[in-house]
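Please read it alongside the sequence and the model.

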Amino acid sequence: MTTFDNDEEPMVIIVGGGPGGLATSACLNKLCIPNLILEKEDCYSPMWKKYSYDRVHLHLPKQFCQLPYIPFPSSSPTYIPKKLFIQYLDDYVTHFNITPFYKRNVEFAKFDEFTKKWNVKVRNGNSDEMEEYFCKFLVVATGEASYPFIPDVPGLTSFTGDAFHSTQYKNAEKFKGKNVLVVGCGNSGMEIALDLANSGVNTSIIVRSPMHLISREMGYLGLMLLKYKVAYTVVDTIMVMLSKLMYGDISKYYGVKRPEEGPFACKIKYGKYPVFDVGTYRKIKSGEIQVLPTMKSIRGNDVVLENGKIHQFDGIVFATGFKRTTHNWLQGDDYLLNEDGLPKPEFPQHWKGKNGLYCVGLSRRGLYGIAFDAQNIATHINSLLSK
């Protein structure tokens, strides 16, 4: 095991090199606080650089999606596409001289009461060697989307077509003229279904859970109202009213109703985002995208549904979300994060734990929440070091 001596010790270790990790590192660099990002992949922001589909855009206007200190150029579009967002991140990393350690998988982290430091043990993916680090502050920046989750569907291994998680989907090119099933009705599932249908693919989607359907413009209005301190319960009432006016009774087309609680309540309490409609609704309403009930099992190319009907598919895209594994490596924390890797303290105190432990990007408030967390963490650490 390689152990780094005191001269090499960073003051802060940040676990995760996504936008949350980059924003935190930038804020610390601005205050001249030594820090190190440990990223398990071979690049920063791998969810954007490696695991996102080609047509993805930020669903919120750019002013709600920028990281601390660097706004998007005024010439950029309101809703930033993937290519421009990656360029923005590249420029951000260069500007703040952020240099993560890549292929570093954290396997253990625990606060040492004797030394008053965090002991962090890391698997180096290049050499398979264990590395040991010590730091005064530890930031969990592994994000809401950590490890792709595919449900254990009976017979899945017998499927003779292509079955994969949405993080592996890029575009519809190889599926043209074929039958493809999308499992999951969140934003990724809905947009991938739209991308497939627009490319001439016979597309079906499984919709299982109640959901809120809003337009980008509704989302912008909601965020602006919240920004000006309008209660989220009032904002939710407005959002639901506008959604009903625009989309009517969604159960006629999606087979599910809206949740009892409003879109912002669902997002804050349960982490369930509203679906931003970018054209999928029209395709479903016209029948170009077929909505199906829950999948029961798979037999070869046959997908057996809950209602007993059988459909044949050439491909299945599982847009079924992610699992977080922070509890597997973070030891001794009974205050900040729960077993699902999300904060126990409520917003706006969710980012600060005990013994120099922090988290960024886990407040279910997207990139806007990341900027809030990163600046608070850096300011708090600086105040502690100034004492």
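## Helix packing, cavity, pocket and backbone

Helix H1 (residues 19-30) and helix H3 (residues 82-95) have axes that come within 10 Å and cross at roughly 30 degrees. The model is a predicted one. An angle under 35 degrees counts as roughly parallel, and H1 and H3 are therefore roughly parallel to each other.

**H1 with H3**

- The crossing of H1 and H3 is left-handed.
- On the H1 side the contact is made by Leu22, Ala23 and Ala26, and on the H3 side by Leu89, Tyr92 and Val93.
- By class, the contact of H1 with H3 has six nonpolar residues, no polar and no charged ones.

**H5 with H6**

- Helix H5 (residues 216-227) and helix H6 (residues 232-247) have axes that come within 10 Å and cross at roughly 165 degrees.
- Angles over 145 degrees count as roughly antiparallel, and H5 and H6 are therefore roughly antiparallel to each other.
- H5 passes H6 in a right-handed crossing.
- H5 contributes Met218, Leu221, Gly222, Leu225 and Leu226 to the contact, while H6 contributes Tyr232, Val235, Ile238, Met239, Leu242, Ser243, Met246 and Tyr247.
- The residues of this contact of H5 with H6 divide into eleven nonpolar, two polar and no charged.

**H6 with H8**

- H6 also packs with helix H8 (residues 263-270), at an angle of about 130 degrees and with the axes 7 Å apart.
- That angle makes H6 oblique to H8.
- In H6, the residues that meet H8 are Tyr232, Val235, Asp236, Met239 and Val240.
- Their partners in H8 are Pro263, Phe264, Ala265, Ile268 and Lys269.
- The contact of H6 with H8 has eight nonpolar residues, no polar ones and two charged ones.

**Cavity**

- The count comes to one cavity of 30 Å³ or more.
- About 30 Å³ of space lies in the largest cavity.
- The lining of the largest cavity is made by His59, Asn187, Met190, Glu191, Phe276, Val278 and Thr280.
- Helix H4 (residues 187-198) gives the most to this lining, with three residues.
- By class, the lining of the largest cavity has three nonpolar, three polar and one charged residue.

**Second largest pocket**

- The second largest pocket holds about 350 Å³ of space.
- Its lining is made of 15 residues, and Ile268, Pro345, Glu346, Phe347 and Arg364 lie nearest the centre of the pocket.
- Seven nonpolar, three polar and five charged residues make up the lining of the second largest pocket.

**Backbone**

- Most residues other than glycine have a negative phi, and most peptide bonds are trans.
- Phe347 and Pro348 are joined by a cis peptide bond, with omega at about 10 degrees.
- Pro348 lies in the loop between strand S20 (330-331) and strand S21 (357-359).
- Lys103 has a phi near 55 degrees, which is a positive value in a residue other than glycine.
- Lys103 is placed in the loop between H3 and strand S4 (104-112).

Conventions. Residues are numbered from 1 along each chain as its sequence is written. This is a predicted model: local features need pLDDT of at least 70, side-chain atom pairs count only at pLDDT 80 or more; totals for chains, interfaces and linings use all residues. Side-chain values use heavy atoms; hydrogens and water are left out. Axes are lines fitted to C-alpha atoms, for helices over the stretch in contact, and angles run from 0 to 180 degrees between N-to-C directions. Helices (H or I, at least four residues) and strands (E, at least two) are DSSP runs, numbered from the N terminus. Angles under 35 degrees count as roughly parallel, over 145 as roughly antiparallel, 65 to 115 as roughly perpendicular and the rest as oblique. A crossing is left-handed if the near helix is turned anticlockwise from the far one by less than a right angle, and right-handed if clockwise. Contact means heavy atoms within 4.5 Å. Ala, Val, Leu, Ile, Met, Phe, Trp, Tyr, Cys and Pro count as nonpolar, Asp, Glu, Lys and Arg as charged, and the others, Gly among them, as polar. On a 1 Å grid over the protein atoms alone, a cavity is a set of points where a 1.4 Å probe fits but cannot get out, and a pocket is an open set with protein on both sides within 12 Å along at least five of seven lines; lining residues have an atom within 4 Å of a point. Grid points are joined across faces, edges and corners, and a volume is the space filled by probe spheres set on the points.
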